[in-house]
Amino acid sequence: MKKFIVFLMSAMMMMSLAACAPTQPKMETTAPGPDVMGPTGGASDKVPDPNAEPMEIISVYSRNDDATGLNQAMDAVSELTADAMVDKLIEYGVLEEDTKVLKFEEKDGTATLDLSKMPEKDSTEDLLTLTAVGNTFIENFELDKLKLLVNGKNYSNDQIKQGDSDYLEYVKNYKKIK
């Protein structure tokens, strides 16, 4: 009989504890109407802006952090032009701020790019800069090769001397150059 009373008392204590436990408030389970959606979730946000300017997707090559190769980044320009490519190369730190395109001519898969200046650095960084400019122009304009001129003359500095027959070609192993 004592066991029965102990069992009954235990059961009543458990019931009283369960009745005193806090409960979660009930949440409304109906879906919010379209007027509740914020600026990033409504159906109208998925419709492209008809007034938006069309953009061209491009690849831009720039030096990697340890200057041993190049990184490739995808970006956009409003129009695929040599000036737009140079502006992106300036933005990515490949070319200096006031670099201008003096002339860009394209014919039969070969193009000539005449720039107002090229940055002069050590030989490794010069090679990376040339490769970044070459890969960016060759890939985006779908060229076979690119002739780079600076103020109408073949590109040259203390380490690199380009002649009349020297052209830049796309470097496939751009991630590790030196």
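## Terms and basis

A residue is buried when its relative accessible area is under 20%, exposed when over 50%, and partly exposed in between (1.4 Å probe, protein chains only). This is a predicted model: local features need pLDDT of at least 70, side-chain atom pairs count only at pLDDT 80 or more, and totals for chains, interfaces and linings use all residues. Numbering runs from 1 along each chain as its sequence is written, and side-chain values use heavy atoms, leaving out hydrogens and water.

## Overall fold

The chain has three helices and six strands. Both kinds of element are DSSP runs, numbered from the N terminus: helices are H or I with at least four residues, strands are E with at least two. Along the sequence the pattern reads α-β-β-α-β-β-α-β-β.

Of the 178 residues in the chain, 32% are buried. Among contacts (heavy atoms within 4.5 Å) with a separation of 6 or more, 55% join residues 24 or more positions apart. The accessible surface comes to about 12400 Å², and carbon and sulfur atoms hold 54% of that. Areas come from the Shrake-Rupley method with a 1.4 Å probe; for residues, only the protein chains shown count as cover.

## Helix α2

Helix α2 spans residues 82-91 and is mostly covered, with seven of its 10 residues buried. These are Ala82, Ala84, Met85, Val86, Lys88, Leu89 and Ile90. Just after α2, Gly93 adopts a positive phi of about 80°.

## Aromatic pairs

Rings of Phe, Tyr and Trp (its six-membered ring) pair if their centres lie within 6.5 Å; planes under 30 degrees apart are stacked, over 60 edge-to-face, and the rest tilted. There are five aromatic pairs by this rule. Tyr61 and Tyr170 make an edge-to-face pair, 6.1 Å centre to centre with 75° between the planes. This pair links distant parts of the chain: Tyr61 is in strand β1 (residues 56-63), Tyr170 is in the segment after β6 (153-154), and the two are 109 residues apart. Tyr61 is buried, at 0% relative accessible area. Tyr170 is partly exposed, at 32%.

Phe104 and Phe141 form a tilted pair, because their planes meet at 45°, with ring centres 4.9 Å apart. Phe104 sits in strand β3 (residues 101-107) and Phe141 in the loop between α3 (123-140) and β5 (145-150), so the pair ties together parts 37 residues apart in sequence. Phe104 is partly exposed at 23%, whereas Phe141 is buried at 12%. Elsewhere, Tyr61, Tyr170 and Tyr174 form one aromatic cluster.

## Lysines over Tyr167

A charge sits over a ring if NZ of Lys or CZ of Arg is within 6 Å of the ring centre and within 35 degrees of the ring normal. Lys145 lies over the face of Tyr167, 4.5 Å from the ring centre. The charged end of Lys147 also sits over the Tyr167 ring, 5.6 Å from its centre.

## Positive phi in loops

Asp108 is in the loop between β3 and β4 (110-115) and is exposed, at 69% relative accessible area. Glu142 is in the loop between α3 and β5. Glu142 is exposed too, at 70%.
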